[in-house]
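My entries follow the order in which I looked things up.

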Amino acid sequence: MRKVNVVMGILAMGLAILSSATGAVALDNPVPLVNQPLRPDAVAPGGVSFTLTVNGTGFVSGSMVNWNGTPRVTTFVNDSRLTAQITAADIAVAGTSSVTVVNPAPGGGTSNVAFFSVTSSITTLGFQLASSPKTGSEPTGLAIHDFNGDGILDIAIANFGDSTVTILLGDATGHFTLASTLTVGSNPECIAVGDFNGDGKPDLAVTNLYSNSVSILLGDGTGHFTLASSVAVGTKPEAIVAADFNGDGNLDLAVANSIGDTLDILLGDGTGHFTLTTSLATEDRPDALAVGDFNGDGDLDLVVGNYYGTDVTVLLGDGTGHFNPGPSLGGYDFVLSIAVGDFNGDGNLDLALAESAECEILLGDGAGHFTLASSFVPSGASVATGDFNGDGILDLALTETNAVAVRVGDGTGHFTLASTPTAGPDPEGVALGDFNGDGKMDVAATNDLGNSISILVQAPALLFSPESLRFDSHRAGTTSPPQTITVQNVSNIAIQISGPSITGNDPGDFAATTDCPPSLPAGGVCTMMITFSPVTGGSRSANATLLDDGGNNPSTVSLSGTGVAVVLSPGMLNFGDVYEGTISQPMFTSLKNIGIAPVEIDRIYLTGAFPSSYLTQNNCPATFPAGGECRIEVEFTPKRIGLQPSRLQVDDSDGGSPQKAALSGVGNIPPR
C-alpha cells in the first residue's frame, strides 16, 4: 500500500529576530504556524464571549488572530502564544470557523487554518456517506482548503494512475463539483497547500513519484490553477510539507525521497520558484513527513517516518533552512503517515504514527524527545487529527480496509475506537473538515480502487433505514397497517435510547412503537413500527424520533401520508333491470366529511361508459363543513338494451379526491 501524506492549509513559520553582537536586528517576519488544538477548540452555540488561546510558532508583536478572515482583538503573549477575544455574535449559531494568524510586513503572511467548532459536545459518533465525487485514476493524497474564497471547504486530489490533480469545489452540503483537472508529473502522490507567490491565493505543490519532481501549481482564487514550474528533487519523492524554514516570510518545501533515503529542502523566493539548497540523509525509504517546533526553540523542525528504517528521523531546524540530527526514535518502522498535535494537553507537540500494522502515539517533552504512550491495531495508510466530539481533546481518523476508523482521545494520549464508517474500495488518504456546515468535523477519504473520494459527514449514531416513510391514501379515523424502520447503532459503544416520539406538523396522525432495548449495544439492531391514522384529509407529515444519550441527536425519520376525509357511502349503486325509456326509482349515496376541517367541493358529475343513462341531484354545499353529510340522489334511465355501467364522481379539495361510486344497471326490453 502506498503511503499518503495529507496537508491541510498553509504550514509555515520562521525567525523574526536575528541576534548580533551589537543587539537585535529586525528581519522579515516569518509566516506563522498554528498548532492543534485551539484552546478551547469548540463551544456550544449561543454562548457568551470568551478568550481564545492560539498556540504555535513564529508569532510576533503585531500578529493578528483572524476569525473567518476577520481580525479579532489580539494579545501577543510570546512567540508561541496569542490570545484573542471572540464575541457572542461569533458563536451565535452552529457552524465551523476558520482561525488563522496573520503576521505583519515586512515578510509575514497567513498561517495554516485551525478549525473552531460551534457545536454541542457529544459522546457518541456516527457518520453517513454524503457523496462520492469522481476523481482521476487511483486517487491518493489530498489537501483541504478554500480554493475559491467563498468560505466553503474544497478539495485537491492527487491521482496516481493518470498523473493529474482534481480540484473539487464544495457547496457546504457535503457535495462537490469538479472545477478543473490539471496534468502534472508522472504518478503524483502528495499535495501541500500554501501561498507560494504572495498574491493571497492558495497554491499547490505536488510530488511526482516517477518524474522525480515537484509540480508548482499557482491558483487564481477561483479554484483554477496553472502549472508554473517543475522542480527537480531526489528519487521517488513521496511526502511533502510547506513551511517558512528560514523565516524570510516566504514558504519553503521539504520533500521526502523514498529511494535514495534523502530529505530535500527547497527554499522559496516568494514568486512561486524554489531552489534546492540542502539534501539530508534519512533512514531507509522515508515515506512520511511532519513539521512543527518540537524542541521549543522557536525554529521549525521536521520528523520523518521511514518505511523500512527502524528509526523515526528527528531533524532540528536552526531557523536558516538548515537542519541537524535530533534525538533518535528507535523501533518504529513501516511508517506511512504522521499526524501532529498536542494529544495530552501539556503544551508540547506529540506524534501519531500510522504504520502498516499499528498506530503508535508518541508524546513529546518539548525538548525534541518522544515517549511511547499507547498503540492500537489495526492502522492504515493515512492518519489525520481533529476534534470530532467537541470536547477540546484531539481525536484521530485513519484509513482502513474499505473504511475509516475514528478514534476519540481521552487527553492522555490514549484513543478509543468510536466509529468505523464505510468508505470506498481501498481508501488511501484522509483529511478532515466541516463539509456540510453543521459545526461538526467530517472526513474525506480517497478511494484508490474506486477512482472516487468518500465524503463522510457526522450523523446521529442511530441510523434509520429507510430514512423516510410514505403512506398511501388512507381514510380518516382508521389506522393503516404498520411500516417498519430498522434502527442500527453505528457507533462503537452502547447507546441509551429513549422514545420514540412523534413531532412535526401533524404529530397526531402517526404513532410509533419500538422493540429497541433501553441500551442498544455497539452495532446493535432493533426496529420501530409506524402507523398512520389521519384525523382529516389532505397531505399529512411528521417526524418519528429516538433520543440517545450521546448528545448527537435526535435521530429522526420523516413521515408522510394522505388522509381521505370525504367518502361516499355506499360506494356502489346497483339498479338492476329497468325498462328502456323509463326512469328507475331513485337510489341514494351519502357524501360525508369525517375529518376536522372543511372541504371545498368543486363539482359532482357522472362519468364512465354510459353517463347519459343516469340522472343526479344533491343538496351538497360548495364548502363542506367538518362532520358534514349530504345526500346525492341517482336515477337510472336506460337508453339501450343491456348492461350500462357508469360512475358518480366528486371532485373536491380532500386528499382522496376524486371520490367515486360505481353505478350499474341493465336496460331491459319493455313489455308489449
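**Entry: a strand pair.** I began with strand β33 (residues 350–355) and strand β34 (residues 359–364), which pair in the antiparallel sense over 4 bridges. I count two strands as paired if DSSP finds at least two bridges between them. Helices (H or I, at least four residues) and strands (E, at least two) are DSSP runs, numbered from the N terminus.

**Basis.** I am working on a predicted model, where local features need pLDDT of at least 70, side-chain atom pairs count only at pLDDT 80 or more, and totals for chains, interfaces and linings use all residues. Residues are numbered from 1 along each chain as its sequence is written, and side-chain values use heavy atoms, with hydrogens and water left out.

**Entry: the sheet around that pair.** In what order do the strands of the open sheet lie? I read β32-β33-β34-β35, 4 strands with antiparallel pairing. β32 (335–341) and β35 (370–376) stand at the edges with a single partner strand each, so one side of each has no neighbour in the sheet. The twist averages 20° from one strand to the next. For such angles, axes are lines fitted to C-alpha atoms (for helices over the stretch in contact), and angles run from 0 to 180 degrees between N-to-C directions.

Entry: I went back to C359. Its sulfur is 17 Å from the closest cysteine sulfur, in C190, too far for a bond. My cut-off for a disulfide is a pair of cysteine sulfur atoms within 2.5 Å. Looked at from the other end, the closest cysteine sulfur to C190 is in C359, at 17 Å. Are these two buried or exposed? C190 is buried, at 0% relative accessible area. C359 is buried as well, at 0%. I call a residue buried under 20% relative accessible area, exposed over 50%, and partly exposed in between (1.4 Å probe, protein chains only).

**Entry: the disulfides.** How many disulfides are there by the distance rule? I get 2. In sequence order of the bonded cysteines, the pairing is 1-2, 3-4.

I took C516 and C526 next; a disulfide joins them, S to S 1.9 Å. The link is right-handed, with 80° about the S-S bond. C516 sits in the loop between β47 (510–514) and β48 (519–520), and C526 in strand β49 (residues 525–532), 10 residues apart. Both C516 and C526 are buried.

Then I checked C620 and C630, also joined by a disulfide, S to S 1.9 Å. The torsion about their S-S bond is about 85°, so this disulfide is right-handed. C620 lies in the loop between β56 (614–618) and β57 (623–624), C630 in strand β58 (residues 629–636), so the pair ties together parts 10 residues apart in sequence. C620 is buried at 15% relative accessible area. C630 is buried at 4%.

**Entry: β60 and its partners.** I finished on strand β60 (residues 646–652). Of its 7 residues, 6 are buried, so β60 is largely enclosed by the rest of the structure. Which strands does β60 pair with? Strand β55 (residues 599–607) runs antiparallel to β60 and is joined to it by 6 bridges. There, I601 has D652 of β60 as bridge partner. Strand β61 (residues 659–668) also pairs with β60 in the antiparallel sense, over 5 bridges. S646 has L663 in β61 as bridge partner. β60 and β61 form a hairpin with 6 residues between them.
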